[in-house]
Amino acid sequence: MGKEQVLENRKYIIGGAAVFIVVVYIIRLFTLQIMSDDYKKNADSNAFMKKVDYPARGVISDRNGEILVYNKNSYDLTVVMKEAENHLDTLELCRLLGITKDFFIERMNEIKDLSKNPGYSSYTQQIFMTQLSEVTFNIFQEKQYRFPGFDVQRRSIRQYARPYAAHVLGDVGEVSKSDIKADPYYQAGDYIGKLGVERYYEKELRGEKGIQIMLRDARGRIQGNYMNGAFDRRPVPGKDLTLSIDIELQALGERLLEGKIGSIVAIEPSTGEVLCMVSSPSYDPNLMTGKNRGKMQMELARDPWKPLLNRSIMGMYPPGSTFKTTQGLTYLTEGIITPTTMFPCSHGFYCKGLHVGCHGHAAPLPIVPAVGTSCNGFFCWGLYYMLGNRKKYKNVQEAMDTWRDYMVSMGFGYKLGIDLMGEKRGMIPNSKYYDKAYKGSWNGLTVISIAIGQGEVLATPLQIANLCATIANRGYYITPHVVKNIKGEPLDESFKEKHYTKANRAAYDQIVAGMRRAVTGGTCRSAERYDYEVCGKTGTAQNHGRDHSSFMGFAPMNNPKIAVAVYVENGGWGADYGVPIGALIMEKYINGSLSPASEERADMFQHKRISYGLSDR
């Protein structure tokens, strides 16, 4: 190879190397300036500070306009890590805030820990401390120049105007890691609804954050809003909610269940609006605000009375004799009985050696007085003949699943879909359940206790109240809900739709007549003292200890305004607690107030205590 050829090749090699180096530099510059925002963030951080403006959370009122939940000013201390790394008088800051240096170091490390704070960035504001006192806020503002990177921002915390409806209202607390991962809207230190309406309607209540872009000078001092706020975004306040709850009715319900474990649920039949939802024991919702929220939650969680449990939607109980109404509706519609069909009851149901007891009353009797006297024998015979009917059903499994379909259509066995978190579905067995339990060998006598709301059947107080509303409407219900109105947007259509059951109107007329008979001359006689017609049905649910006392009723009979269910654990007969408490709830709502005599009865029940073997409350 000639000398000229070698030089020519070397020229190409050197040229190629130069081109390669230039291309590498271009790619790197493109990556740094376009693909990566590290330098941009650094430059922006030197010139700007983005300050989050938190919106006011929506106000919550009751159905009559009384404000139940509102906001109170609070102050949070934030930090931008990139700015706080140098020239910080740590000891002075700790003294001002009333914290130790160890706490300061631990908190700073927590903020930088991505496993605890997934949204962390050293260029953005992070929450260092929440809910500073007014005094601390004022002192910090005077000395803020000494603590680069630290700033105070106004927030709002929830305040509850009345000590009632804690399970409905819920509460607000700091976001968890899972909250942050589930929704990029949140960052560490933000607040979120934890329970009740606050949780279910979180997106409506929270609003939208705003942002201010603040301009810095060469020394990092804030000079004001960049371009006079042209790029700022104002926060959007949360939407106000109007509940369907009547807070005065709620207060009466909580008063009546003092010292007892149980629930009261009242519904407006024509709309499905929940008028009161009492779960006892309860607690003052203000206990779950402020810095002590975590401590109070731990104390309430350890309380053997379980005050955090919303028994109205989470408590699953045997419905007892209130469930007999569903049986009558099914037997009548399926043609198992007619309005004149009579069954014997000699202190109970006797068949092939099986006995289900009953209290003394006239017999035999048809459906209306059977409901009125709460005859166990009548409804057991009805189920026996339904499950054994081979002319109508090819086998017991088909009959059982037909029965089950009626129960589901009446709102049992599945969640109703109320606008609260944590609702339980209860229990309605089907043929597969019994086939598995009894290896396919069973019949009507095997499962006879379900006819009187015992055995495997379980329901929530909400489901029993909804059953009563369905009977009041003569065959349909609207999904129960606790929010009546959302300001600026329509209520979900699911809370307006009518759900019709499988039972027919003629059957409902018979059951309504039976429930009226229970009040005029049956097990609910103590509710017959008003100038409006009350329809009711008692329930005495068997229990390992003392029986549970339950009642469901509605009024007025032909223009129903309220349907109510009462369930008192270990309260004994339905007439002992359920009927008088339910009657007082109906009187309060229909008349607007209690009569002097009823006030005396309410005071008596308020001070009646049931012993549960738990620590006194």
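Helix H17 (residues 396-409) packs against helix H18 (residues 431-438) at an angle of about 130°, and their axes are 8 Å apart. This is a predicted model, in which local features need pLDDT of at least 70 and side-chain atom pairs count only at pLDDT 80 or more, while totals for chains, interfaces and linings use all residues. Residues are numbered from 1 along each chain as its sequence is written, and side-chain values use heavy atoms, with hydrogens and water left out.

Axes here are lines fitted to C-alpha atoms, for helices over the stretch in contact, and angles run from 0 to 180 degrees between N-to-C directions. Helices (H or I, at least four residues) and strands (E, at least two) are DSSP runs numbered from the N terminus. H17 and H18 are therefore oblique to each other; angles under 35 degrees count as roughly parallel, over 145 as roughly antiparallel, 65 to 115 as roughly perpendicular, and the rest as oblique. Gln397, Met400 and Asp401 of H17 make the contact with Ser431, Tyr434 and Asp435 of H18, where contact means heavy atoms within 4.5 Å. By class, this contact of H17 with H18 has 2 nonpolar, 2 polar and 2 charged residues. Ala, Val, Leu, Ile, Met, Phe, Trp, Tyr, Cys and Pro count as nonpolar, Asp, Glu, Lys and Arg as charged, and the others, Gly among them, as polar.

An open sheet is formed by 5 strands in the order E12-E11-E20-E19-E18, with antiparallel pairing. Two strands pair if DSSP finds at least two bridges between them. Strand E12 (273-280) and strand E18 (535-541) are the edge strands, each pairing on one side only. From one strand to the next, the twist averages 5°. Within the sheet, strand E11 (residues 262-268) and strand E20 (residues 562-568) run antiparallel and are joined by 6 bridges. Val265 stands opposite Ala565 in E20.

Two helices lie across strands of this sheet. Helix H20 (residues 505-521) lies across E18 and strand E19 (548-555), and runs at about 75° to E18. Helix H21 (residues 578-591) lies across E11, E12, E18, E19 and E20, and runs at about 150° to E20.

The whole structure contains 26 salt bridges, a salt bridge being a side-chain nitrogen of Lys or Arg within 4 Å of a carboxyl oxygen of Asp or Glu.

| Pair | N to O distance |
|---|---|
| Lys143 and Glu92 | 3.5 Å |
| Arg199 and Asp179 | 3.5 Å |
| Arg206 and Asp183 | 3.1 Å |

Lys143 in helix H6 (residues 134-143) and Glu92 in helix H4 (residues 90-97) are 51 residues apart, so this pair links distant parts of the chain. Lys143 is partly exposed, with a relative accessible area of 23%, whereas Glu92 is buried at 13%. Buried means under 20% relative accessible area, exposed over 50%, and partly exposed in between (1.4 Å probe, protein chains only).

Arg199 is partly exposed at 29% relative accessible area, and Asp179 is buried at 9%.

Arg206 belongs to helix H10 (residues 202-206) and Asp183 to the loop between H8 and strand E7 (191-193), so the pair ties together parts that are 23 residues apart in sequence. Arg206 is buried at 11% relative accessible area, and Asp183 is buried at 16%.

Arg57, Arg158, Glu198 and Glu202 are linked in a network of salt bridges.
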